[in-house]
Amino acid sequence: MAGRINDDDVKAVRDAVPIDAVVSEYLQLRNAGGGNLKGLCPFHDEKSPSFQVSPSKGLFHCFGCQEGGDTIAFVMKIDHLTFSETVERLAAKAGITLRYEEGGYNPSHQRGERIRLIEAHQAAADFYREQLIGPEAEIGRRFLAERGFDQDAAAHFGVGYSPAGWDHLTRYLRGKGFSDKELITSGLSQDGRRGPIDRFRGRLMWPISDTSGEIVGFGARKLRDDDNGPKYLNTPETSIYKKSQVLYGIDLAKKDIAKASRAVVVEGYTDVMACHLAGVTTAIATCGTAFGNDHIKILRRLLMDNGSARVIFTFDGDAAGQKAALRAFEDDQKFAAETYIAIAPDNMDPCDLRLAKGDDAVRDLVEPRTPLFEFALRQIVGRYDLETPAGRAAALDEAAPVVARIKNSSSQHEVAVQLAGMLGILDTQFVVKRVGQLARWARDRGDRGPAQGGPSRGGPPQHQVQAPKAPSGPALNLRSPAHRTERELLKLALQKPALVSPAFDAYGVDEFTAPPYAAVRQCIADAGGAEQGMAETRDYLARVLDAAPHDTVRNLVTELAVEVFHGKSIDETYAGMQLVQVRLRAVDRRIDDVQGSLARLGSNVAPEHLAAAQNEVWVLQQYAQSLRSHGTDAL
């Protein structure tokens, strides 16, 4: 695993890649006034734009869903990447060479190797696409046409053709400057008797991309009878291609999966193509392996594990398909999403179904029909003779634990009743109680699936144990003059620190009555104070964001950093008014606290304590009067 990226290089990446240019790749932005831009939020559905971008500060914030952050945070969320992957991707775009720290090997060399392997795969994809239009590839074009895919469909999915000769691609990539070692390491070539030869020969080629859209491998389909290889041949395991961690079509489907909270899992490349062309743009497939735990992790990040999420598996209705469905059900509880199974009439896969009955039939197929747990139960029950008491009891023994694993208690009760009906047991309460008992035993052992709404982001395990607590205390009330003024002052400290420095840095956290605002004030202090922002606002804001203890505070920082001011003229006079009002209210609160304490103590207060308290009140009253009379000169 690569070491930590050098902080100066992270800053260089933030400065080099304009946030408006990055965001504009995903949505249309228009002028919002005050130097800001606005558009429809890509992270939640909305009819009027509440998503704002501040190019001068390098920040975005959505006032609808409260998502916010810098360029790196935006790419991480929208493309579902880790921090390091995002920085490396943006660095490559900006032409910045990253330095690493704390690695066990030379990470810059490793990063260089990854770039070269990605470049080799992109060059190979270009080569294969060019070959598909040649005379030799007629057999490949015919294969596609017979399955309902024209030239435009092939181009959309980047489908290509690998020539039947021994080293066409190898010689092509050598000409592009790639070494034999790089070709072998990439899996595009393999060792031959006289040097590297092409791994894929005479096959139809599907490029396989990771979540970020970078090509990391290929799936190759046999076309000729004299090809003695397997029907499908995939790239071998490499440093950039792990078949258990890639999903074909994820680069095309990820946005729609996240937006619709729905994913359709099919079995092959042509099934993905058929689904997408039929309008089911959330379809993905595994690459030569069973759907497993790492695939679930990818989908959980996209689906956000909300209660309305759906995962629909399409399997052939034959024995192999049923076995695959049951294997998928074994991991069902690792989803917070509801899982379903869809089996087409006559056991057709989506590609065949589209050919036979058209696009509407494909769209109808993947509408949730049978919950995966129900399918699994029927497969279990079907193995027993339900005409005998012993058969019914044995079926119940195997099926009841399956029902007990269902996360939602009301659904669990309902399915237990269904199970009683499947088994022909008239005493439904007996089955319900049996399932409930098994569920309690599982809870006592800690044998639980992921909690609804649990953490969905990647990261160290310690960050997934418990969600960070939001700042405690009363909720913000923007009708409160105190809260409004505190908010304006924090906006000034973040957006125009020169107008409130150095006075602002002398303000204590306790001068902000709203706990969320107090948390932001602490972040500014931890970042070195508002005075640090007078030289370089973007770098200063990045430090404030880094100082935030969790996303709740971080999102509030970005919100305050892009929100427009309430005043018409944002100048020293306006800034001075906010400074004075926040300090004056803090002084008045302290006077009330001291006088309230004296009143509660009455005659029980010691003479020396009484004198000290009265003196403090007198000093505070004088200070308050000075603030009212002289404004910022009294600070």
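Which residue in β12 does Pro 207 stand opposite? Keep that in mind while we look around; what you have here is a predicted model.

Let's start with a sheet. Four strands make it up, in the order β8-β11-β12-β13, and the sheet is open, with antiparallel pairing. At its edges you'll find β8 (160-162) and β13 (232-234), each of which pairs on one side only.

Now zoom in on β11 and β12. Strand β11 covers residues 203-209 and strand β12 covers residues 215-222; they run antiparallel, and seven bridges join them. That brings us back to the opening question: the residue in β12 that stands opposite Pro 207 is Phe 218.

Next, look for the helices that lie across these strands. One of them is α6 (residues 138-146), which lies across β11 and β12 and runs at about 70° to β11. Another is α11 (residues 269-277): this helix lies across β11, β12 and β13, and its angle to β11 is about 70°.

How far does the predictor trust all this? The chain's mean pLDDT is 84, with 88% of its residues at 70 or more. Two stretches deserve a careful eye. Over residues 104-111 the pLDDT is below 50, and this stretch has 12 contacts in the model beyond near neighbours in sequence. Residues 448-475 also have pLDDT below 50, with 38 contacts beyond near neighbours in sequence.

Definitions and conventions
Residues numbered from 1 in each chain as written. Predicted model: local features only at pLDDT ≥ 70, side-chain atom pairs only at ≥ 80, totals over all residues. Heavy atoms only, no water. Pairing = 2+ DSSP bridges. Helix = DSSP H or I, 4+ residues; strand = E, 2+ residues; numbered from the N terminus. Contact = heavy atoms within 4.5 Å. Axes fitted to C-alpha atoms, helices over the stretch in contact; angles between N-to-C directions. pLDDT = per-residue confidence, 0-100.
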